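This briefing goes through one protein structure by topic. Look at the model first, then read the points below.

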Amino acid sequence: MGRYDFTTVVDRRDSGSLKWNPSYLEKLCGNPHALPFWVADMDFRSPPEVIEALHSRIDHGIFGYLSSAEELFHAFCSWARMRFSWDVSADAVCWTPGIVTALAASVQAYTEPGDGVIIQTPAYRPFFSVIRDNQRKVLENPLIYRDGRFSLDLDHLEELMKSASLMLFCSPHNPSGRVWSRQDLTEISRMSRKHGVMVVSDEIHADMTYPGYTHFPWNSIDEQGITCMAPSKTFNIAGEHVSCIVIPDEGQRNSFTSLLSRLSLGSPTVLSYTAARAAYQYGGPWLDELIDLLVRHARLTGSYLSSHAPEIRMVMPEASFIAFLDCSTLLERIGRSRDLVNILGTRGGIALHRGSWFGSAGKDFVRINFGTPESLLEQGLSKLARAVGEL
Ligand SMILES: Cc1ncc(COP(=O)(O)O)c(C=O)c1O
């Protein structure tokens, strides 16, 4: 038994949660009452230290403008040193409300309309939209999928770099769950310098890297480019909108911050600042327990599927609380054009994320979020297996 509670099922239905919202569930899978395993937030309460810090700030009763986020940046720098042995200067850190904001700002700050921007696919959908919505060109570098595991296609990547100015990288990668090796990153650094491509690395899932794998922040490998981190997924405070964007190069940082100030994107709210700072200062022990639990849930999900729904194969993640499920064998049997998310929603009462949301490379997959108490995960898996068995 750990120190923290990851087993209580907290009712989120009337809390304004997107994940549990009946109309979103209806739109996603045709069933407003489906048990949700889709959007990437967890069903665990945040660390008690975060909740206590918020309580005491709320008791103060006055929520005027924040003077500066400097203490948050210092807490983040200590965190980066402790968790990744990575030395970051607080002067190199900027705040954005979310990491997607930082990706969009990077596209605007460092490229021109018509420029090519590389992403590895399948990709978290906003990677496509921040490029397209800003009239830049998506250059897809599909990951190689072999023996149930995704890997980088470095040869194709170097080809694409010849006609790109920016790469939006995802490390660890959503949805494949891969933690990239030092060799992968060193090779990307070499080629990005050779071809003059700036790398912006989205590391929102990095804090939840599993034992046995090592996450290397992008700027621990290369001083150029950007490392985007956040306490949002890690401590289940995504709705608080705090991200820490590290830009060591002064010129690159000035371009980024001047764009933020043109948009008047100043600083976090007092409550989001309080939550994020407490998370980085006191959240380590809670996170250690969470990671152990996520490893257990990943194994439970994989082994449950292989014994109860063997036509679905789990792509074993190396970090975080989400996994891609390879449904190609099942789709082979029931018909490739069937909408599995809708079938599982309406017949099984479980809401999963549609693989095609991650681009065409994801069309034979669904994504599951296992960041939920074990009792709910077991319910969901049995709904999933029963629905598949009846197809
Ligand atoms: C890879 C990745 N980047 C960014 C986000 C969202 O980030 P934010 O809410 O900070 O914009 C997510 C959420 O699932 C994600 O998986």
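The centres of domain 1 and domain 2, taken over C-alpha atoms, are 26 Å apart. The assignment gives domain 1 as 22-47 + 285-389 and domain 2 as 64-282; such bounds come from an automatic or database domain assignment. This is a predicted model, in which local features need pLDDT of at least 70, side-chain atom pairs count only at pLDDT 80 or more, and totals for chains, interfaces and linings use all residues. Residues are numbered from 1 along each chain as its sequence is written.

**Between the domains**
- Contact between the domains involves 28 residues of domain 1 and 32 residues of domain 2, where contact means C-beta atoms, placed from the backbone, within 7 Å.
- On the side of domain 1 that touches domain 2, helix H11 (284-308) and strand S12 each supply at least two residues; helices (H or I, at least four residues) and strands (E, at least two) are DSSP runs numbered from the N terminus.
- That side of domain 1 has 19 nonpolar, four polar and five charged residues. Ala, Val, Leu, Ile, Met, Phe, Trp, Tyr, Cys and Pro count as nonpolar, Asp, Glu, Lys and Arg as charged, and the others, Gly among them, as polar.

**The largest nonpolar core**
- Phe76, Val117 and Leu166 touch the most other members of this core of 118 residues. A nonpolar core is a set of buried Ala, Val, Leu, Ile, Met, Phe, Trp, Tyr and Cys residues joined through C-beta atoms within 7 Å.
- The core lies between domain 1 and domain 2, because both give residues to it.

**Strand S12**
- Strand S12 (residues 322-326) has four of its five residues buried, so the rest of the structure largely encloses it. Buried means 20 or more other C-beta atoms within 10 Å of the residue's own, with C-beta atoms placed from the backbone; exposed means 12 or fewer, and partly exposed is in between.
- S12 runs antiparallel to strand S11 (residues 313-314), joined by two bridges; strands pair if DSSP finds at least two bridges between them.
- Five bridges pair S12 with strand S15 (residues 365-369), also in the antiparallel sense.

**Around the ligand**
- The ligand is surrounded by 13 residues, the closest being Ala40, Gly98, Ile99, Val100 and Asn174; a residue is near if its C-beta atom, placed from the backbone, lies within 6 Å.
- This shell holds eight nonpolar, four polar and one charged residue.

Terms used
Contact = placed C-beta atoms within 7 Å.
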